[in-house]
Amino acid sequence: MQHKLHITGNKRLSVRASIIAIGAILLSACASSDLATQKVNNQQVTAHCVGQVDQHSNLKLLPNAHIPEGVVQPVGQGGLCTAQVFVATEDVTIWRAWNSEYNGSKLGKWWTFNKPLGSISKYRRENVICPSYSPLDMLVSCKLKAGTEVVIGPGQSAQCSEYFTYPASKTNQIYVADAKNNVTECQTYDGRFSWQTEPTHKVQATDSQLQ
């Protein structure tokens with residue numbers, strides 16, 4: 001009887017070992033699948049970038065510098081689609097449209113190289129700025145101090161609501177982590193209504209219409 005019990009115990013140990021081994025294989029497979037999925041997702045993010053990081057005068061590329069977390073975002077989350085870190089070798093003029101209802105918005109983190117011109121809707125699209133982010137009713141231009149490190153890259157797409165999404169943009173934006181201490185000579189501009197009629201497109205009559 002004792003001998004039979006011993007045999008039964010060995011069988012139980014063997015079964016347990018088999019279960020543990022199978023479990024380890026499944027966990028390994030899941031981990032591999034997660035890594036593969038993450039790799040595919042990263043490739044998808046890259047594939048959705050329509051622009052590239054442009055080289056700019058008075059800015060030197062720092063190829064080994066760390067990009068702050070949250071600056072480069074996945075599809076639909078805003079931020080940048082791809083980016084690199086630069087350091088200003090001289091003072092550089094940068095621009096920012098901001099929200100007058102929140103004073104802390106004036107020297108925020110996101111800037112552009114060019115003064116906003118044309119329609120506000122075009123500016124929103126190019127810089128992927130959802131209406132909920134800011135009314136864009138004020139503008140400020142400042143000098144970015146030489147020696148300041150910034151992150152530059154084209155904008156990622158942004159799902160502004162269930163109704164519309166801004167696509168990824170080729171326009172380069174500037175991320176300044178601490179603008180308050182790294183800009184100078186700021187000039188503020190107040191937004192004003194400026195309405196222009198849409199251009200009319202005249203349709204030329206064809207020969208068949210003239211007959």
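Guide: Take the bonded cysteines in sequence order: they pair 1-2, 3-5, 4-6. The model is a predicted one. The count is three disulfides.

Visitor: What makes Cys-49 and Cys-81 a disulfide?

Guide: Their sulfur atoms are 1.9 Å apart. The cut-off is within 2.5 Å, so the pair counts as a disulfide. Cys-49 sits in the loop between helix H1 and strand S1, Cys-81 in the loop between S1 and strand S2. They are 32 residues apart. Both are buried.

Visitor: Why is the disulfide of Cys-130 and Cys-160 called left-handed?

Guide: The torsion about its S-S bond is about -80°, so the disulfide is left-handed. The S to S distance is 2.0 Å.

Visitor: Why is the disulfide of Cys-142 and Cys-186 called right-handed?

Guide: Here the torsion is about 115°, so the label is right-handed. Cys-142 lies in strand S5 and Cys-186 in strand S10, so the pair ties together parts 44 residues apart in sequence.

Visitor: How do you know whether Cys-142 is buried or exposed?

Guide: Buried means under 20% relative accessible area. Cys-142 has 1%, so Cys-142 counts as buried. Cys-186 has 35%, which makes Cys-186 partly exposed.

Notes
Residues are numbered from 1 along each chain as its sequence is written. This is a predicted model: local features need pLDDT of at least 70, side-chain atom pairs count only at pLDDT 80 or more; totals for chains, interfaces and linings use all residues. Side-chain values use heavy atoms; hydrogens and water are left out. Helices (H or I, at least four residues) and strands (E, at least two) are DSSP runs, numbered from the N terminus. Buried means under 20% relative accessible area, exposed over 50%, partly exposed in between (1.4 Å probe, protein chains only).
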